[in-house]
Amino acid sequence: MSTMLFACGNAETITGHIFCDNYFEFYFNGQLIKTDPLDFTPHNAVAVSFEYDGTSDKTYAILCQDYASESGYEYTSTSSPGLGDGNLLAEFSDGTKTSSSWKAYTVTYGPTAASISNGCSKSNLAACKIQDNGIPTDWTLASFDDSSWVSATEYTPAVAGWGRGPSYSGGQCGTITSPLTKENASPSSIATTADECLDPKKVLCGGDEDCTGSSDGRMIWGASLDYDNKMLFRYTATSATASNPAPVPVPTPSPMPAPASSTNTPVPVPTPSPMPAPASTNTPVPAPQSTPTSTDGVQVMWRLDLAWVAAIGSVLHLSLCNL
């Protein structure tokens with residue numbers, strides 16, 4: 001009998017790098033994989049690694065937040081508050097990378113046009129308001145419907161920028177600055193691993209800083225680089241293995257040997273019973289049917305057993321591949 005193989009998709013470990021100005025949370029198929037250890041500066045890239053089962057769709061979901069106060073401005077304790085600009089760039093070993101093919105949703109936006117009309121400015125922050133659209137429930141799950149979300153907007157590094165790169169020494173990542181005063185924070189560094197304090201210009205876009213190559217990710221954000229503050233991004237890659245499971249081969253039965261006989265006496269063939277004389281209507285007489293031998297019976301039973309094995313195997317294949 002042939003061997004029955006169960007062909008499921010190939011599981012793999014996916015690695016990658018994420019750079020977000022200023023803070024990110026990364027989810028894969030609804031599972032939180034990594035949070036940025038820094039919430040403002042320096043502008044670090046973070047290495048990620050996670051498992052993929054090889055059969056399900058791949059849903060990448062990233063929350064990326066540009067720092068902004070309740071007025072929408074940063075550096076509000078200085079004489080020159082400003083509007084920050086956000087930026088997300090990510091590349092993964094399976095070929096997934098950020099681009100305008102990702103879906104985008106604006107959580108917070110501001111200052112709003114209405115508040116600006118009412119006098120909001122960097123010298124009158126009290127009049128400034130932001131719009132908070134909230135975070136949709138289950139937005140990280142593969143089953144979430146993002147059809148109403150818009151396409152992400154791509155930006156060049158010359159426009160979005162790389163920000164202030166990190167330095168790593170003695171298990172510490174810095175230099176941390178204050179989003180209020182713009183001065184170095186105290187302490188000015190925090191403990192991270194080396195792969196959480198990477199220079200994005202060196203580990204992304206092939207290290208050329210241009211991000212124009214066919215294998216390079218693109219810097220993405222909402223339609224407004226300055227006014228979109230907190231963003232959600234999603235990308236789903238449909239698995240061909242999940243939608244078209246590998247067929248289960250039906251085993252081919254091996255020929256059955258004739259029953260052994262100690263005397264090698266031939267198995268007698270039953271003599272068919274005499275048929276009655278044909279009716280007067282000249283109706284054709286059906287040909288006589290011989291009685292199946294014991295060998296025929298064994299072969300029939302063997303084929304039936306194999307059919308049951310194939311059917312059970314198909315059920316097990318579908319069950320195992322969907323664990």
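A residue counts as buried when its relative accessible area is under 20%, as exposed when that area is over 50%, and as partly exposed in between. The model discussed here is predicted, and this scale is applied to several of its residues below.

Lys 122 shows how the scale works. The relative accessibility of Lys 122 is 48%, so this residue is classed as partly exposed. Lys 122 sits in the loop that runs between α1 (113-117) and β8 (131-132). Once residues up to four places away in sequence are set aside, Lys 122 touches Tyr 73 and Pro 81. Tyr 73 is 49 residues from Lys 122 in sequence, while the C-alpha atoms of the two are 7.5 Å apart in space.

Ser 115 is part of helix α1. With 3% relative accessibility, Ser 115 falls under the 20% limit and therefore counts as buried. Apart from its neighbours within four places in sequence, Ser 115 is in contact with Cys 120, Ala 127, Cys 128 and Lys 129.

The chain as a whole can now be described. The protein chain has 323 residues, and 37% of them are buried. Its secondary structure consists of five helices and 15 strands. Of the contacts between residues at least 6 apart in sequence, 76% join residues at least 24 apart. The accessible surface of the chain is about 17,700 Å², and carbon and sulfur atoms account for 55% of that surface.

Covalent links come next. A disulfide is a covalent bond between the sulfur atoms of two cysteines. The structure contains four disulfides, and three of these are followed here in turn.

One of them is formed by Cys 20 and Cys 64, with 1.9 Å between the sulfur atoms. What do Cys 20 and Cys 64 tie together? Cys 20 belongs to strand β1 (residues 12-21) and Cys 64 to strand β5 (residues 58-65), so this pair connects parts of the chain that are 44 residues apart in sequence. The torsion about the S-S bond is about 100°, which means that the disulfide of Cys 20 and Cys 64 is right-handed. Cys 20 and Cys 64 are both buried.

Another disulfide links Cys 173 with Cys 197, at an S to S distance of 2.1 Å. Cys 173 lies in strand β12 (residues 172-174), and Cys 197 lies in the loop between β13 (189-191) and α3 (200-203), so the parts tied together are 24 residues apart in sequence. The link of Cys 173 and Cys 197 is right-handed, with 80° about the S-S bond. Cys 173 has a relative accessible area of 0% and is buried. Cys 197, at 6% relative accessibility, also counts as buried.

Cys 205 and Cys 211 make a further disulfide, and their sulfur atoms are 2.0 Å apart. Its S-S torsion is about 100°, so the disulfide of Cys 205 and Cys 211 is right-handed. The relative accessible area is 1% for Cys 205, which is buried. Cys 211 is buried as well, with a relative accessible area of 5%.

Leaving aside neighbours within four places in sequence, Met 231 is in contact with Cys 64 and with Ile 62 and Leu 63, among others. The contacts of Met 231 also include Ala 104, Tyr 105, Thr 106, Trp 221 and Gly 222. Met 231 lies in strand β15 (residues 228-237). Is Met 231 buried or exposed? Its relative accessible area is 1%, and because this is under 20%, Met 231 is buried. Asn 87 is 144 residues from Met 231 along the chain, and the C-alpha atoms of Met 231 and Asn 87 are separated by 9.7 Å.

How many residues line the largest pocket, and which lie nearest its centre? The lining has 14 residues, and those nearest the centre are Asp 21, Thr 41, His 43, Glu 74 and Tyr 75. By type, the lining residues of the largest pocket comprise three nonpolar, six polar and five charged. Asp 21, one of the residues nearest the pocket centre, falls within the span of strand β1 (residues 12-21), the strand that also holds Cys 20.

Methods:
Residues numbered from 1 in each chain as written. Predicted model: local features only at pLDDT ≥ 70, side-chain atom pairs only at ≥ 80, totals over all residues. Heavy atoms only, no water. 1 Å grid on protein atoms, 1.4 Å probe; cavity = no way out; pocket = protein on both sides within 12 Å on 5 of 7 lines; lining within 4 Å. Nonpolar A, V, L, I, M, F, W, Y, C, P; charged D, E, K, R; others polar. Disulfide = S-S within 2.5 Å. Helix = DSSP H or I, 4+ residues; strand = E, 2+ residues; numbered from the N terminus. Buried < 20%, exposed > 50% of the residue type's maximum accessible area, 1.4 Å probe, protein only. Contact = heavy atoms within 4.5 Å. Areas by Shrake-Rupley, 256 points an atom, 1.4 Å probe, with all protein chains shown as cover.
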